[in-house]
Amino acid sequence: MYVSKDFTISFDKIYEKLFPLIYRIAYRIVGDPGIAEDVSQEAFIKYYERGIPLPDIDQTKYWLIRVVKNISFNHEKKKTRERKMFSKLREEGPKFSESGEKEVIKKETKKMVKEALLELPYNLRVVLVLKEYGKMSYKEIGSAIGISEGNVKVRVFRGREKLAKLLEGRI
Amino acid sequence: MCPAYEILSAYIDGEVPFPWNKQIEEHLSSCKSCSQKVEFYRKVQTSMLEDSEPDYSPPMQRIWNKISELKQSNQYIKTPIWNKKISIPVPLVGFAAVLVIFIGSLLVFNVMTSDPSSVNIITHKDDGSMTEVNITAGDAEEIQALLRALESNNTPNEVIIQLPEGSTGFQVGEPELLRAVDFKRKR
């Protein structure tokens, strides 16, 4: 493999700056730290092997997000099958903490939010994750995943509505 | 009339531009169902953000190590020196340009005003007599005098041009013998 030294230097900076965000987005899309690590690794290696820097940090961010989205989709298909099989085994009992019942309820709600997010259809989840956890504007999300701003607006709304329905009466 | 929920969702994301966002704000203060909807969307948003995440540092380090291995197997292509990008700050370029112009003009000025060295021209005649003329380069009168001296005498056999000591000369083109007629035509 041939990668220029200049690219390697710029890669190091990009890795430092974008890794936390990319990992966070991957984690929220796939819902599992281990898979999120695999997805992030694959995305950054793909970028490194590309060997050509992109014009600016934003373009690099969008590129990585697109790759994460595509790789996660493969995991998603696999996961949907596994989820159906092992959903009961993966359920964990509530953990009681010293601060009492209130803390437990809060923890349960959080877990519920995470689970509910994973229940969302993939296309809505990705957009909502980029909005809430990526802190991106509709315009940025549109550029990153190649859809119109209007489409982003619709997907965020639908995702939020679905999530709200799943959480209704619990938050 | 109540706005569509889709607009309320965009509103909490700050994606509704002025002045429509102000209109929604006004509407929310008077419409209970809409303000409840916005409140609920905000609640969903807050609960999403409250959910803790795994620490990114350990995977960041692990992946970094893996990529470092890749880097070690990588053979760098050395950028040739003529392809290297050099960046010079604009003020420095400006300063350098000013310096070049200054030194250049100084040199030109020096050449124009430099003290011309004198040149000795000695003509030998057939009868053995010798005329020595000392001229200063650039002095039209003295050159005229020399030309007159050369013309007034019959063609001398030998003309020696003695340059001042230490002066260096350079050759331009090949020495060439021309017939007078060709020479005139070329002119």
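1. In chain B, 48% of the contacts (heavy atoms within 4.5 Å) with a separation of 6 or more join residues 24 or more positions apart. The model is predicted: local features need pLDDT of at least 70, side-chain atom pairs count only at pLDDT 80 or more, and totals for chains, interfaces and linings use all residues. Residues are numbered from 1 along each chain as its sequence is written, chains are lettered from A and ligands numbered from 1 in the order in which they are written, and side-chain values use heavy atoms, leaving out hydrogens and water.

2. Chain B holds seven helices and three strands (DSSP runs numbered from the N terminus; helices are H or I with at least four residues, strands E with at least two). From the N terminus, their order is α-α-α-α-α-β-β-α-β-α. Of its 187 residues, 21% are buried (under 20% relative accessible area, 1.4 Å probe, protein chains only).

3. Helix 1 of chain A (residues 5-30) has a kink of about 50° at Leu18(A), shortly before Pro20(A); the bend is the angle between axes fitted to the seven residues ending at a residue and the seven starting there. Gly31(A), with a positive phi near 75°, follows this helix.

4. In helix 6 of chain A (residues 138-145), six of the eight residues are buried, among them Tyr138(A) and Glu140(A). Gly146(A) comes after helix 6 and has a positive phi, near 70°.

5. Glu132(A), in helix 5 of chain A, is buried at 2% relative accessible area. Not counting residues up to four places away in sequence, Glu132(A) touches Arg160(A), Gln45(B), Met48(B) and Leu49(B).

Definitions and conventions. Buried < 20%, exposed > 50% of the residue type's maximum accessible area, 1.4 Å probe, protein only.
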